[in-house]
Amino acid sequence: MTISNRLKQSSEWGAVCRPDSAQPLQLETVKCCICGTEEVEPLAVGEDFEYRTSPDFFLAVQCRRCRLVYLSPRPALTEFDRIYPPDYHAFDFSADQFGLAYRVRRWLEARRLLACCQSLGPRARILDVGCGDGFHLSLLKQFGKPSWQLEGVDASERAVEAGRKAGLTIHLGTVQAADLPAASYDLAFLIATIEHVDNPTEVLAAVRRLLRPGGRVVIVTDNTDAWDFHLFKRRYWGGYHFPRHWTLFNSANMRTLAQAVEMEVVQLTTVVSPVNWVYSIRNALVDWRAPGWLVRQFSLKSTLSLGVFTLFDMVLQKLGRGALMRATLQRPQGSLPEESTQRLRG
Ligand SMILES: [Zn+2]
């Protein structure tokens, strides 16, 4: 299919035609971030099925040693603004845009977040890393203890601006570069974040540095142990989110990552989510050039498909195979708060 045909079709499927989407992205080859090797097997070839930000085909590979799944080659960091277009859903997940799906997700997410906060005292300091426009922070503000100190950090100016407008405290930049106090936070969240970053080990090491000894981080990410991955992994799996998800973990990879940054695994479990099911089917329909009305039944706005696959994934979650993975890691209690002593000396 020619590029112009593909663009025309993608606009019929509901994606937006972008002025620069005919230009290929600048791509770079990377190694496995867990074991540092380049011994991989090709796993999937896909496209930006959802946003059509470029005409490129992308390759997901699997490390032969540790089974980590990752995108290589992947977009250069300079392509950030292109692969996250202004209508990217993390920047505008609002009631106006998403209706009932938004209200149900808010309710579910609030329950999940508060369950992670049960052991926190009234003066707890909480950091949401990769907070986007502050969806989770606003839930904590609304339903959590009013005395909690809530902060977010995100590298997208657009997202940070939106969050600040909503009255939230959000630092602009990456968690590695932002000027945040070491050994100060009781709890950090990395929700749908670690799969997007260029160096997960560096990000997690930076989060560890910011946590008090005994402080915890809750990581929620796509799960390559899940059934939806095994069914759709050759091309359509929603968790690839081509070309924005760069690293995709199974539970063993997550344990290795925790070990690499000297954090203890407190809990490793799976969480129900219909999103990868819905998007895997959507991607297949888009690729098979199914009619627009059918494709639209599988999106973040389609209450019916989200509902059906939530119920389905609830069954899988009972079997330990929910679509998302949730890891709770702890900075060891006995670990020296070396950074804070340095700060006092300085
Ligand atoms: Zn590896």
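Strand β10 (residues 211–222) is largely enclosed by the rest of the structure, because nine of its twelve residues are buried (a residue is buried if 20 or more other C-beta atoms, placed from the backbone, lie within 10 Å of its own). Helices (H or I, at least four residues) and strands (E, at least two) are DSSP runs, numbered from the N terminus. This is a predicted model, in which local features need pLDDT of at least 70 and side-chain atom pairs count only at pLDDT 80 or more, while totals for chains, interfaces and linings use all residues. Residues are numbered from 1 along each chain as its sequence is written.

β10 pairs with strand β9 (residues 185–191) in the parallel sense over six bridges (pairing requires at least two DSSP bridges between the strands). Here R216 of β10 stands opposite L187. Between β9 and β10 the chain passes through helix α6 (residues 200–210) in a right-handed β-α-β crossover (clockwise from the first strand over the helix to the second, with the strands pointing away from the viewer). Strand β13 (residues 324–330) runs antiparallel to β10, joined by seven bridges, and Q330 in β13 stands opposite R216.

## Strand β6 and its partners

Strand β6 (residues 125–129) is likewise largely enclosed by the rest of the structure, since four of its five residues are buried. Five bridges join β6 to the parallel strand β7 (residues 149–154), where V153 is the bridge partner of V129.
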